[in-house]
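Please follow the chain below from its overall layout to the positions that a database record singles out. The text after the structure begins with a note on that record.

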Amino acid sequence: MNSTTTAKLLTQAEQLCQQRSVRLTPQRLEVLRLMTEQPGAISAYDLLDLLRKTEPQAKPPTVYRALDFLLEQGFIHRVESANSYVVCHHFEEPSHTSALFICDRCGLVTEKTTDGIEERLSKLAKDSGFALRHSVVEAHGLCAECSVIESCDSHDCCEHDHSIAVKKR
Ligand SMILES: [Zn+2]
Ligand SMILES: [Zn+2]
Ligand SMILES: [Zn+2]
């Protein structure tokens, strides 16, 4: 994410918290800021390592509490299958269904709008009498860049990094 996008998202988060009368403490804001700097999803422990650079006394519960808050406010999503977290790009729609495309090679997570999917899911839920509250669609595969690299067969004369293995799912 570039710095203007980051600044915009953080301002948006601050405004939403003000509107909702919830407290976005400097620590929670810092966790969100660190997350916006990630190209993909990040685990709680990797976040803790980053947070400790500015707050050496931070402990796992510090990060988990911040993550819980950010999840509650709909600012981030949990990527269940990768046991990590990613910033949401649709802050203003707290109850949206998110479709997360997860690259198994580089870890990049792209969130896409789910026109059609959301309707299908709620219809399926309704038909079975299920009260749907929250859903995340997680799709695994290769991002555009990694697809190119994985289909490259001239390993000796290219500039790709072929040392990264694709995670088996
Ligand atoms: Zn989202
Ligand atoms: Zn990738
Ligand atoms: Zn190559």
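UniProt positions are given here in the numbering used for this structure, feature names are shortened, and the annotations may be inferred rather than shown by experiment. Under "binding site", an unreviewed UniProt entry lists Glu118, and for "binding site" the unreviewed entry also lists Cys103, Cys106, Cys143 and Cys146.

The model is predicted: local features need pLDDT of at least 70, side-chain atom pairs count only at pLDDT 80 or more, and totals for chains, interfaces and linings use all residues. Residues are numbered from 1 along each chain as its sequence is written, while chains are lettered from A and ligands numbered from 1 in the order in which they are written.

The chain as a whole comes first. Its secondary structure comes to six helices and five strands, where helices (H or I, at least four residues) and strands (E, at least two) are DSSP runs numbered from the N terminus. Along the sequence the pattern reads α-α-α-α-β-β-β-β-α-β-α. The C-alpha atoms fill a box of roughly 60 × 50 × 30 Å along the principal axes. Of the 169 residues, 21% count as buried; a residue is buried if 20 or more other C-beta atoms lie within 10 Å of its own, exposed if 12 or fewer, and partly exposed in between, with C-beta atoms placed from the backbone.

The domain assignment gives domain 1 (1–94) and domain 2 (95–169), with bounds that come from an automatic or database domain assignment. The C-alpha centres of domain 1 and domain 2 lie 21 Å apart. Across the boundary, 14 residues of domain 1 are in contact with 12 residues of domain 2; two residues are in contact if their C-beta atoms, placed from the backbone, lie within 7 Å. On the side of domain 1 that touches domain 2, the residues divide into seven nonpolar, five polar and two charged. In this grouping Ala, Val, Leu, Ile, Met, Phe, Trp, Tyr, Cys and Pro count as nonpolar, Asp, Glu, Lys and Arg as charged, and the others, Gly among them, as polar. Within the chain, residues 24 or more positions apart account for 52% of the contacts with a separation of 6 or more.

Next comes a sheet. Three strands form an open sheet in the order β4-β3-β5, with mixed pairing; two strands pair if DSSP finds at least two bridges between them. β4 (109–112) and β5 stand at the edges, each with a single partner strand, so one side of each is left without a neighbour in the sheet. β3 and β5 run parallel and are joined by six bridges, and Ala99 stands opposite Val137 in β5. β3 and β4 pair in the antiparallel sense over four bridges, with Thr110 in β4 as the bridge partner of Phe101. These two strands form a hairpin with five residues between them, and Gly107 in the turn has a positive phi of about 85°.

Where do the listed cysteines sit relative to these strands? Cys103 is found in strand β3 (residues 98–103), and Cys143 lies in the loop between β5 (136–141) and α6 (144–150). Cys103 counts as buried, with 21 C-beta neighbours inside 10 Å, and Cys143 is buried with 20 other C-beta atoms within that distance. Leaving out residues up to four places away in sequence, Cys103 touches Leu108, Gly141, Leu142, Cys143 and Cys146. With the same exclusion, Cys143 touches Cys103, Cys106 and Leu108.

Glu118 lies in helix α5 (residues 117–127) and counts as partly exposed, with 18 C-beta neighbours inside 10 Å. Of the 11 residues of α5, the number buried is zero, so the helix lies largely in the open. Just after α5, Gly129 takes a positive phi of about 70°. Ser135 has its place in the loop between α5 and β5 and is partly exposed, with 16 other C-beta atoms within 10 Å. Ser135 and Glu118 are 17 residues apart along the chain, and their C-alpha atoms are separated by 8.7 Å. Not counting residues up to four places away in sequence, Ser135 touches Thr97 and Leu121.
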